[in-house]
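Subject: Handover of the two-chain model

Hi,

Here is the structure I promised to pass on. My notes follow below it.

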Amino acid sequence: MRTRTLSALLLLAACAASDTEHRSAADPPLIARELIARRVASIADDSFPLTTPIRIRLLGDTLVVADIGDDRIALFDRDLELLHVFGRSGAGPGELQGAFELVCADGLIAVGDMTNQRISFFTPDGQLVREIRLDEALRSFVVGPDGSVYHVSISGRDALFTVIAPDGTRRPWGTRPPGLRPGTDDGRRVIEQDEVLALRTPDGAVHVLDNREGVLIRFDSAGAVQHTVQLPRWLLEPIRKRHEALARSLARQGLHVYPGTIAKDLSLTSDGRLLLAVASGDVVAVVVDPATYSPREIRVPAGEGPWDAARRAVSLALHGDTLYAVTTDGLYAFVLEPAQAG
Amino acid sequence: MRHSSITGSVPALALVLAFAAAAWADCAPYISTGINDPPGVGTLIGTETRTEVVRETIEIVVSGSGSGAGGSVKRTITRETTRSYQVGTYLMSDGSRVRVDCSTYRYI
């Protein structure tokens, strides 16, 4: 871990990173206070037809939710009305076994399947378009402009991604930052699930979150590192402390917990910014400008209230000034407002 | 249960005479923090099987022989042991995820 931290620091220094430790006066925090819609699980009906939602993404004005429990994909409109559900468990074409990752690109829904180790592309009405085999454990991925899948390589030394073209050909892509290189000479250490999160912005850049160190890395279209920034310490420390406490508690139960990660999820907002879902005190998310990497936090009020759903969200989406939170018991929409000064 | 696999290798353990043993253990469907800690319940949402090859090099000395020749001969024996264990991903009640080594994997 020490080597890893040092590597991350060297990377930051080499790229002349500007750690935005301060909070910009021009961008006051946003507050998610007012609940404007919700769709919660109910025994009486199937209004929230998901058991273990894991990701929520935007497909235009549609909310797409992946359910890893039932291997289904559910689509909702912005008022949280259910539009369509598709998917079933299995290993056959179009079937899912562990819908863990979700990317919406070019009008299609790409589902990363844990057990089948493949990425399946569907139309919004659930028609299978194509499938790409990964031949390794699923990690975060983005979809390139030509339909290629940029999949975070689970191991390897130099390239962070494997690009799998629609015709199945593969090539390495993206300089693997020092902090994400294998820690041993034999390459034993692998990239763990959630350890690296990636997405692609409309300008073609690929953004990577080193989710252990809290470092954002921007790659240009050629795969070279353009910019790195470490997330502010005020954001990271509460997350790390909470994870350390959790690891201690579980250790007392005889469990060995792997190092924790910073963000629950990384997604694209409707206006092309990065959205990190976190649980750092009252901060539930951070919106990051893709060009400058300046962060703006989204908070919830202190104490209990309907906004607790945002705290325990497994994934978030931001469309305009509406924050959508999906939890294991429902889907919630909050309107965001700038925090009052003082 | 979601399941996938990863293979990797552990470097040679030169001159390590202790043999390792590993036991397979499935991940529990749920985990929980203790009653004295803030409540935290995790639901298993996926597993990955890790396969490791541990190379053990043992040096032995053979003294004398039945043919009457004296002296001793050093022999090096390399043994490869494959062992597997599971890493489980749990979705916690606060929406975060933790990964747990589900094995009873330990050197004896």
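First, a term for what comes next: two strands count as paired if DSSP finds at least two bridges between them. By that rule, strand β18 of chain A (residues 256-257) pairs with β5(B), in the antiparallel sense and over 2 bridges. One residue pair to look at there is A:His256, whose bridge partner in β5(B) is B:Asp101. Please keep in mind that this is a predicted model.

The interface

The contact between the chains involves 28 residues of chain B and 36 residues of chain A. On the chain B side, four strands each supply at least two residues: β1 (3-13), β3 (41-63), β4 (72-92) and β5 (97-101). Which strand gives the most to that side? β1(B) does, with 7 residues. By class, the side of chain B that touches chain A has 13 polar, 8 nonpolar and 7 charged residues.

Chain A overall

Chain A has 25 strands and 3 helices. Of its 342 residues, 46% are buried. Take the contacts in chain A with a separation of 6 or more: residues 24 or more positions apart account for 49% of them.

A four-stranded sheet

Chain A holds an open sheet of 4 strands, in the order β10-β11-β12-β13, with antiparallel pairing. The edges are β10 (141-143) and β13 (170-175) of chain A. Each has a single partner strand, so one side of each is left without a neighbour in the sheet. Neighbouring strands of this sheet are turned by 25° against each other on average, direction ignored.

A:Phe141 stands opposite A:His151 in β11(A).

The core

The largest nonpolar core has 109 residues. Which of them touch the most other members? They are A:Val278 and A:Leu316. Leaving out residues up to four places away in sequence, A:Leu316 touches A:Ile56, A:Asp265, A:Leu275, A:Ala277, A:Ala285, A:Leu323, A:Tyr324 and A:Ala325. A:Asp265, one of these, is counted as charged.

Best wishes

Notes:
Residues numbered from 1 in each chain as written. Chains lettered and ligands numbered in written order. Predicted model: local features only at pLDDT ≥ 70, side-chain atom pairs only at ≥ 80, totals over all residues. Contact = placed C-beta atoms within 7 Å. Axes fitted to C-alpha atoms, helices over the stretch in contact; angles between N-to-C directions. Buried ≥ 20, exposed ≤ 12 C-beta atoms within 10 Å, placed from the backbone. Core = buried A, V, L, I, M, F, W, Y, C linked by C-beta atoms within 7 Å.
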